[in-house]
Amino acid sequence: MVPIEIRDVTLVYDTPGGKVPGVKDVNFNIDASEFVCILGPSGCGKSTLLNIIAGFLAPAAGEILIGGKAVTGHGMDRGVVFQDFAQLFPWRTALGNVAFGLEMKGVPKQERETIAREQLRLVKLEKFVASYPHHLSGGMQQRVAIARALAYNPSVLLMDEPFAALDALTRDDMQRLLADVWRETRKTVIYVTHNVAEAVYLADRVVVMTPHPGTVKMVIPIKLTRPRDPLSVEFLDYQKELLAHLGHGTAETQEHKKANGKAPTTGG
Amino acid sequence: MAVQDSASAVGVAGATGPSAGARWRTITLNTYPFVVVGAIWEVVAHSGMFPRKLFPTLEDIARSFIDLTVSGILPHHAIDTLLRLLAGFGLAAIVGLIIGVSMGRSRRAEDIFLPLVSILAPIPGLAYTPLFLLWFGPGEVSAVLLVAFVSMFAVIYNTWTGVKSVKEIWLRSAQAMGADDRRMFSHVILPGALPYILTGLRLGLAQAWRILVAVEMLAAVPWGLGWLIFGAREFLNTDAMMAGVVVIALIGLGLEKYVFQKIEDYTVVRWGMIGAMAP
């Protein structure tokens, strides 16, 4: 797997109300096979940053290097999982969805279906290979989305609050499952979230972002052995620490929202 | 979904088998309009309000229907009408899909076609009929072109809307997975727009059907159901006229139930992109 370097990345949104900074001078590195969570309140630019890394948005300044190569657009070295359950193609079965990237790559039908089955087994959906997305629960759909993003074997997995729309119990299951998948695949993962416990549970390091403009406030390594116990004292200490860093930013966000109505808070 | 739900609800209730209640409901819903219309028709026909020649009983219509079918006259009319319908509507579907898709995909095509569609579509199809007859003369060409022209707008409009309403997140996902423009279109945009496209085709077919029967009366084509109805009026053959109307209703119903609903059940309904239609 490959390391990622984020160098002086800045992006400004042009809105009818004038220029709004999305992210400003963001700098950090991610090691190969590292799991990094980007944590911050709504509107802090964390999703914007992920979209830049995914290649959906071009930064106004700075650059992203993946395995030493500059990002110029989207590419199959990265797999992306979004928050929205609707990301799956409703006209394709779970297997068809997972095989999509391989199909685009030109992998023969037999082979891509074998790989897709294997990926669905990895997310424990081997029984739902032939199901259409609308027959699957939200958690299952997100698991298909993860399998789909992994199927064409990208070196980096980008995840934009994939479990934020799930109920709390399902979310816990999903987090455990994702930790297992990551342990097996050793992808470099960038995971955007506003959920502090989720960040502590999943991440090797947590990048804390604050809004207006979106900047990195600090990077905190989580030095807990895996699998992690969310009820342990150390786990809670990390949560407290992160919350302390976030406290200020959150208040500011709400103030800003009130002042500007619906500001362009692309950061989910 | 609705069908399954009501079926399982009946199953829980107990006594009847799981699907028997739902099946009865379907049969009742499908037959009751025929029963009601037929009953009213019979009452009026037997009441003597109109001369029997002008308001034949269902028995007379049925006899006429059978005679005309056995003699091969009615099938000949029906087949000619169907061929015209398929030619006209087929043309409309192809041209409408091409224009609709290009409008949905390209800003320039949208700027060119949308104003044209907006002014031409609201004009009733029949109003175009004299023009087409003058330009292309009475006969097949006028009939087919008119059917195509009039039924094209529903296809264009709905295809355009469908392509525009393909979810951004599908495009993004497909992009991230390496879809090029061609496969983005065939693998994502077309299936994503399919619910709208099918609606457009269905509405277009209804338009085509309506204008065709009318234009057959005016375009002096030698065979066709519209012509049968119009010609029968001249000779006060009301029963033959009604036989023609029955065939029109049957064909329309058949296309809807056995073509469009089947296509929908197999695609967008199966995919959960729209709910199942009532039976």
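No salt bridges are counted between domain 1 of chain B and domain 2 of chain B. The model is a predicted one. Across this domain interface, one residue pair is in polar contact, with both residues at pLDDT 80 or more. On the side of domain 1 of chain B that touches domain 2 of chain B, two residues are nonpolar, three are polar and one is charged.

The domain assignment of chain B places domain 1 at residues 1–49 and domain 2 at residues 58–269. Six residues from domain 1 of chain B and six residues from domain 2 of chain B make the contact. The C-alpha centres of domain 1 of chain B and domain 2 of chain B are 30 Å apart. Interface size is often expressed as the accessible area lost when the parts come together. For domain 1 of chain B and domain 2 of chain B, the buried area is about 450 Å². Carbon and sulfur atoms carry 66% of that area.

The interface of chain A and chain B was examined in the same terms. Chain A and chain B bury about 2100 Å² between them. Of this area, 66% lies on carbon and sulfur atoms. The count of salt bridges between chain A and chain B is zero. Polar contacts are found across the interface of chain A and chain B, in 13 residue pairs with both members at pLDDT 80 or more. Two elements of chain A, β6 (78–81) and α2 (94–105), each give two or more residues to the side that touches chain B. The largest share of that side comes from α2(A), with four residues. By residue class, the side of chain A that touches chain B holds 13 nonpolar, six polar and five charged residues. In total, 24 residues of chain A are in contact with 21 residues of chain B.

Chain A also contains an open sheet of four strands. The strand order is β2-β1-β4-β5 (chain A), and the pairing is antiparallel. Strands β2 (18–30) and β5 (69–70) of chain A form the edges, each pairing on one side only. Strand β1 (residues 4–15) of chain A runs antiparallel to β2(A) and is joined to β2(A) by nine bridges. D14(A) has K19(A) in β2(A) as its bridge partner.

Note on methods
Residues are numbered from 1 along each chain as its sequence is written. Chains are lettered from A and ligands numbered from 1 in the order in which they are written. This is a predicted model: local features need pLDDT of at least 70, side-chain atom pairs count only at pLDDT 80 or more; totals for chains, interfaces and linings use all residues. Side-chain values use heavy atoms; hydrogens and water are left out. Domain bounds come from an automatic or database domain assignment. Contact means heavy atoms within 4.5 Å. Buried area is the accessible area (1.4 Å probe) that two parts lose on being put together, summed over both. A salt bridge is a side-chain nitrogen of Lys or Arg within 4 Å of a carboxyl oxygen of Asp or Glu. A polar contact is a pair of N or O atoms within 3.5 Å; within protein, one must be able to donate a hydrogen and the other to accept it, and residues adjacent in sequence count only if both atoms are side-chain atoms. Ala, Val, Leu, Ile, Met, Phe, Trp, Tyr, Cys and Pro count as nonpolar, Asp, Glu, Lys and Arg as charged, and the others, Gly among them, as polar. Two strands pair if DSSP finds at least two bridges between them.
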